[in-house]
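Morning, everyone. Here is the model for today. Please keep it on screen while I talk.

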Amino acid sequence: MDRIKEKMASLRTEADAALERATKAEDENKKLNQTLLERDQEISSLNHKLSLALSDVDKAEEQINALKSQAQEGDSHRTTGENLARKVQLLEEELDKAERDLKDTTEKLRQVDVKAEHYERQVQRLEQERDEWERKHGEATEKYAQSKRELDELALAMEGI
């Protein structure tokens with residue numbers, strides 16, 4: 001009888017531990033889902049910045065082309081040409097900066113994609129672990145119910161004696 005009580009206590013302890021581990025796994029899964037959502041938002045933000053940078057590059061290239069063609073119109077516009085040359089210089093520098101920013105943004109986006117894939121794999125792994133813990137919990141619950149039925153049957157048999 002004591003062995004049965006000890007066995008039941010052991011099964012309760014195992015069930016409680018399994019429930020605690022399942023709860024922890026679900027909490028971790030929620031945290032990872034939140035992190036994934038934040039990463040998705042960061043990706044969206046970087047994509048927006050990338051589109052703005054590309055738009056700026058296009059505008060800068062158009063301005064450079066316009067300014068270069070104006071500078072070639074003639075010596076009569078020498079003062080204007082010098083001013084335009086300065087503007088071209090500034091726009092080229094802005095273009096260089098925009099291209100560097102575009103390169104940096106593209107690299108960051110790639111890194112975020114890699115991280116997102118990593119977190120997706122991690123979420124999948126955690127979901128598999130959670131499913132395994134839920135399966136184990138179900139088995140432990142079944143074992144507990146079986147043990148309880150056997151104990152009840154034993155108690156009835158002992159009452160009948």
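Start with Asn29. Asn29 touches Val123, Glu127 and Arg130, leaving aside residues up to four places away in sequence. Contact here means heavy atoms within 4.5 Å.

Now the ground rules. This is a predicted model, so local features need pLDDT of at least 70 and side-chain atom pairs count only at pLDDT 80 or more, while totals for chains, interfaces and linings use all residues. Residues are numbered from 1 along each chain as its sequence is written, and side-chain values use heavy atoms, with hydrogens and water left out.

Back to Asn29. Where is Asn29 found? In helix H1, residues 2-71. Helices are DSSP runs of H or I with at least four residues, numbered from the N terminus. Is Asn29 buried or exposed? Asn29 counts as buried, because its relative accessibility is 8%. The cut-offs are these: buried is under 20% relative accessible area, exposed is over 50%, and partly exposed is in between, with a 1.4 Å probe and protein chains only.

Next, salt bridges. Side chains of opposite charge can pair when their charged atoms come close. To count, a side-chain nitrogen of Lys or Arg must be within 4 Å of a carboxyl oxygen of Asp or Glu. How many salt bridges does the structure hold? Nine. I will show you some.

Stay in helix H1. Glu20 forms a salt bridge with Lys24, and their closest N and O atoms are 3.4 Å apart. These two residues sit four residues apart in H1, about one turn of the helix. Glu20 is partly exposed, because its relative accessibility is 45%. Lys24 has a relative accessible area of 52%, so Lys24 is exposed. Look across from Lys24 to Glu129. They are 105 residues apart along the chain, yet their C-alpha atoms are separated by 11 Å.

Move to helix H2, residues 78-160. Asp101 and Lys97 meet there through their side chains in a salt bridge, 2.9 Å from N to O. Asp101 is partly exposed at 31%. Lys97 is partly exposed too, at 45%.

Further along, Glu132 and Arg135 form a salt bridge at 2.1 Å, N to O. Both are in H2, three residues apart, about one turn of the helix.

Now the largest pocket. A pocket is found on a 1 Å grid over the protein atoms alone: an open set of points where a 1.4 Å probe fits, with protein on both sides within 12 Å along at least five of seven lines. Lining residues have an atom within 4 Å of a point. How much space lies in the largest pocket? About 200 Å³. Its lining includes Lys7, Glu14, Trp133 and His137. H1 and H2 are the elements that give two or more residues to that lining.

Last stop, the surface. Met1, Leu154 and Met158 make a nonpolar patch of about 290 Å². Patch residues have over 30% relative accessible area and no salt bridge, and nonpolar side chains are joined within 5 Å. Areas come from the Shrake-Rupley method with a 1.4 Å probe. Leu154 belongs to H2. Leu154 counts as partly exposed because its relative accessibility is 32%.

That's my tour. Over to you.

Definitions and conventions
Patches are made of residues with over 30% relative accessible area and no salt bridge: like charges are joined within 9 Å, nonpolar side chains (Val, Leu, Ile, Met, Phe, Trp, Tyr) within 5 Å. Grid points are joined across faces, edges and corners, and a volume is the space filled by probe spheres set on the points.
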